[in-house]
Amino acid sequence: MLICRTTGADHMLHLVLTCLLLSVASGLSMRRFLLPYFAGGDLAEKSAPVTVVASAVFLAAVAFTISDQNLWAKSVVLMLCLMLAAMFDDARPRLTIALSAVSLAAYLGLRSIG
């Protein structure tokens with residue numbers, strides 16, 4: 001009986017952690033991903049390597065969210081992602097995208113374990 005409770009708790013912790021990691025990865029890279037699609041700003045900023053990395057991280061996080069998570073987890077990831085995108089500005093894009101990439105890498109590590 002104790003083994004079942006531990007396994008259930010571990011599964012829930014794994015699910016919450018994967019939701020958080022996907023939310024951070026997509027939320028922190030969303031602003032940079034959307035930058036080229038809005039008018040304004042200079043062309044160098046829109047085509048910067050940071051923007052390219054942010055686009056890759058954002059698209060990968062969205063793809064893993066859609067393919068790996070169940071319906072309620074997708075909605076949680078989406079809400080947290082939008083909240084993070086609204087809270088964090090793009091003042092330090094390298095740091096923000098680095099945190100986003102690290103979060104995606106941590107998710108991939110958990111995915112390979114689970």
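The structure holds one cavity of 30 Å³ or more, a cavity being a set of points on a 1 Å grid over the protein atoms alone where a 1.4 Å probe fits but cannot get out. This is a predicted model, in which local features need pLDDT of at least 70 and side-chain atom pairs count only at pLDDT 80 or more, while totals for chains, interfaces and linings use all residues. Residues are numbered from 1 along each chain as its sequence is written, and side-chain values use heavy atoms, with hydrogens and water left out.

**The cavity**

- The largest cavity has a volume of about 40 Å³, a volume being the space filled by probe spheres set on the points.
- Its lining, made of residues with an atom within 4 Å of a point, consists of Gly27, Leu28, Arg31, Leu84, Ala85, Phe88, Asp89, Asp90 and Thr96.
- Helix H1 (2-34) and H4 each supply at least two residues of this lining, and H1 gives the most, with three residues.

**Helix H4**

- Helix H4, a DSSP run of H or I with at least four residues, covers residues 71-87 and reaches 25 Å from its first C-alpha to its last, close to the 24 Å expected at 1.5 Å a residue, where the expected span is 1.5 Å times one less than the number of residues.
- Ala73, Val77, Cys81, Leu84 and Ala85 of H4 are buried, that is, under 20% relative accessible area with a 1.4 Å probe and protein chains only.
- Seen down the axis of H4, these buried residues fall within an arc of 95°, so they line one face of the helix, the arc being that of the directions from the helix axis to the C-beta atoms.
- The face of H4 turned away from its buried side carries Leu71, Met79, Ala86 and Met87, which are exposed, meaning over 50% relative accessible area.

Key: On a 1 Å grid over the protein atoms alone, a cavity is a set of points where a 1.4 Å probe fits but cannot get out, and a pocket is an open set with protein on both sides within 12 Å along at least five of seven lines; lining residues have an atom within 4 Å of a point.
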